[in-house]
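Subject: Structure handover

Hi,

Here is the structure for you to look over. My notes follow below it.

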Amino acid sequence: MSTIQQLLQRDSFIERGARSRARALLDAGSMRELLDPFCGLASPWLPQQGVTAQADDGVVVAKGLFDGQPAVVLAIEGGYQGGSMGEVGGAKIAGALELAAHDNRQGVPTRAVILFETGGVRLQEANLGLAAIAEIQAAIVDLRRYQPVIGITAGTVGCYGGMSVAAGLCSYLVVTREARLGLNGPAVIEQEAGVEEFDSRNKPFIWSLTGGEQRFDTGLADAYVEDDTAQIRATVAELFARGLPQQHRSGQADLFLARLSAVDATVQATPDAVRTIYSKGDAS
C-alpha cells in the first residue's frame, strides 16, 4: 500500500471537531454531554462587543466510560474564536475537573482527558478568562492526586498562553507532528522581539522549535503519535494503564530551570541546540 493510500485510509483526529473527538475517545455508546448547546450557556460578553456567541462557548464536556472506567473528556473547539478561553468555557472545564475529583473522593475513580486546541485567554473577556484558566490549572492539580489527567494537543490551532501551562500540569501530554505548544504564539513573539528573532511566516522554523516532535524530544510531552484516531486512543489507554507518574513535570522545576539557564540568549536558538540542552538527563 502506498503512502498516499495509507493517508487516505487513516481516520484523522485533527480533522474531527471537538464533539467528534470526544465521542471517538470514549467507549462506543457511553458518551453523554453535560451542559450541551441546548443549555444555552453562551458568553454574555461577546455580543456586547459585536461578536457572535456560540451556545456551548466552544467547549464540549463529555462524560462516559473509557475502557469500562468512568471518564470525562473536555474538548476545546479550535474553530470557534481560536479555542480561546472565556468565563463560560473555562468554568465548564474547571467544573468538570472538580466534579471528577469529587467523584474520586467518593470512591468513583473518574479519569480525565483534556483536548487542547486553544490560543489561550479570550482577549475580549480579559481578566475573566485569566481567572477561568487559573481555576482549570488548580482543578488539574487537584484531580491528578487521584487519577492521571491526560492532555492531547493534535492540531490545527496548537496550545498557547495560560492553557499551555495547564497542558504542562497534566500527568501526561500527547502530541502529534502537527501540534504546536508554547507560552506565546509566533505572531506575539515577532511583535515583541522582532522578526529577526522569530519570523511568524517561517512555518518550518516555527514547527522545528515549538512543534510536537521537538516538544517530545525535549521532554515537554510524553507521547508522540501519528494523526490517527485509533492510535491516539490506544496511547491514552496505555498512559492510563501506566498510572500516576512518579513525579509530575511541574514537580521538576529545578531541572527545567537548569536547562533553561544553559541556553545562550545572545544567539538565535536552533532546534538542534535546544534539543541537546533539554535532552540531558531524564525529565520523565
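Start with lysine 92, which sits in helix H3, residues 87-105. Bear in mind that this is a predicted model. Lysine 92 is buried, yet it makes no salt bridge. The nearest side chain of opposite charge belongs to glutamate 33, 5.4 Å away. A salt bridge would need a side-chain nitrogen within 4 Å of a carboxyl oxygen. What does lysine 92 touch, leaving aside neighbours within four places in sequence? Its contacts are Leu35, Asp56, Val59 and Val61.

Glutamate 33 also turns up in the strand pairing. Its bridge partner in E2 is alanine 62. E1 (32-34) and E2 (59-66) flank a loop, and the two strands pair antiparallel over three bridges.

E2 and E3 make a hairpin with two residues between them. How enclosed is E2 by the rest of the structure? Largely so, because six of its eight residues are buried.

Most residues other than glycine have a negative phi, and most peptide bonds are trans.

- Aspartate 57: phi is positive, about 55°, and the residue is not a glycine. It lies in the loop between E1 and E2.
- Aspartate 67: phi is again positive, near 50°. This residue is in the loop between E2 and E3 (69-76), in the turn of the hairpin.
- Glycine 155 to threonine 156: this peptide bond is cis, with omega near 15°. Threonine 156 is in the loop between strand E5 (149-153) and helix H5 (162-169).

Are the two aspartates buried or exposed? Aspartate 57 is buried, because its relative accessible area is 1% and the cut-off for buried is under 20%. Aspartate 67 has 47% relative accessibility, so it counts as partly exposed. For that residue the limit that matters is 50%, since exposed means over that value.

When you open the model, I would begin with lysine 92 and its contacts, Leu35, Asp56, Val59 and Val61. Then go to the E2–E3 hairpin and aspartate 67 in its turn. Finish at the cis bond from glycine 155 to threonine 156.

Best wishes

Definitions and conventions: Residues are numbered from 1 along each chain as its sequence is written. This is a predicted model: local features need pLDDT of at least 70, side-chain atom pairs count only at pLDDT 80 or more; totals for chains, interfaces and linings use all residues. Side-chain values use heavy atoms; hydrogens and water are left out. Helices (H or I, at least four residues) and strands (E, at least two) are DSSP runs, numbered from the N terminus. Buried means under 20% relative accessible area, exposed over 50%, partly exposed in between (1.4 Å probe, protein chains only). Lys and Arg count as positive and Asp and Glu as negative; His and the chain ends are not counted. Contact means heavy atoms within 4.5 Å. Two strands pair if DSSP finds at least two bridges between them.
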